[in-house]
Amino acid sequence: MFLVLCTGAASAQTCTTIRFAPGTSSGEVSGQVIENKPMCFTFESGAGQTARLQLSGSDNACFTIRDVVDCQDDYSFRTQSRAYEVGVFQLFAAAAYEQFTLRLSIR
């Protein structure tokens, strides 16, 4: 139930697109999350590519890829040709902000 609520909260806000510098196959975003205030990111990919997301900088945060996987800190998967939504949130409720960096690589 907790993960569903966090994913829904991430969907209600504006998502930031993860962008790659020209000629590269990866990009990073950073931020901070606190209880009930997840952050939302999006990326697009082609069919049959491999996407890998890695979350670092916090022991109390994880990401969910809508319709793919819940609460991970490192995950790879074969993509379809579509946009993906990634929510980053606190794993366990805490009053302090959790700093994080999310790295996306697509090959």
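The exercises below work through the disulfides of this predicted model.

**Exercise 1.** Find how many disulfides the structure holds, and state how the bonded cysteines pair in sequence order.

*Solution.* We begin with the general idea that a disulfide is a covalent bond between the sulfur atoms of two cysteines. The structure holds two such links, and when the bonded cysteines of the protein chain are numbered in sequence order, the pairing reads 1-2, 3-4.

**Exercise 2.** Show that C15 and C40 meet the criterion for a disulfide, then describe the handedness of their link and the parts of the chain that the pair links.

*Solution.* The sulfur atoms of C15 and C40 lie 1.8 Å apart, and the cut-off is within 2.5 Å, so the pair counts as a disulfide. The angle about the S-S bond is 65°, and the link of C15 and C40 is right-handed. This pair links distant parts of the chain, 25 residues apart, with C15 in the loop between α1 (2-11) and β1 (16-17) and C40 in strand β3 (residues 39-45).

**Exercise 3.** Decide whether C15 and C40 are buried or partly exposed.

*Solution.* Buried means under 20% relative accessible area. C40 has 3% relative accessibility and therefore counts as buried, whereas C15, at 23%, counts as partly exposed.

**Exercise 4.** Describe the disulfide of C62 and C71 by its sulfur separation, its handedness and the accessibility of its two cysteines.

*Solution.* The sulfur atoms of C62 and C71 are 2.1 Å apart. Because the torsion about their S-S bond is about -95°, this disulfide is left-handed. C62 is buried, with a relative accessible area of 3%, while C71 is partly exposed at 23% relative accessibility.

Notes:
Residues numbered from 1 in each chain as written. Predicted model: local features only at pLDDT ≥ 70, side-chain atom pairs only at ≥ 80, totals over all residues. Heavy atoms only, no water. Helix = DSSP H or I, 4+ residues; strand = E, 2+ residues; numbered from the N terminus. Buried < 20%, exposed > 50% of the residue type's maximum accessible area, 1.4 Å probe, protein only.
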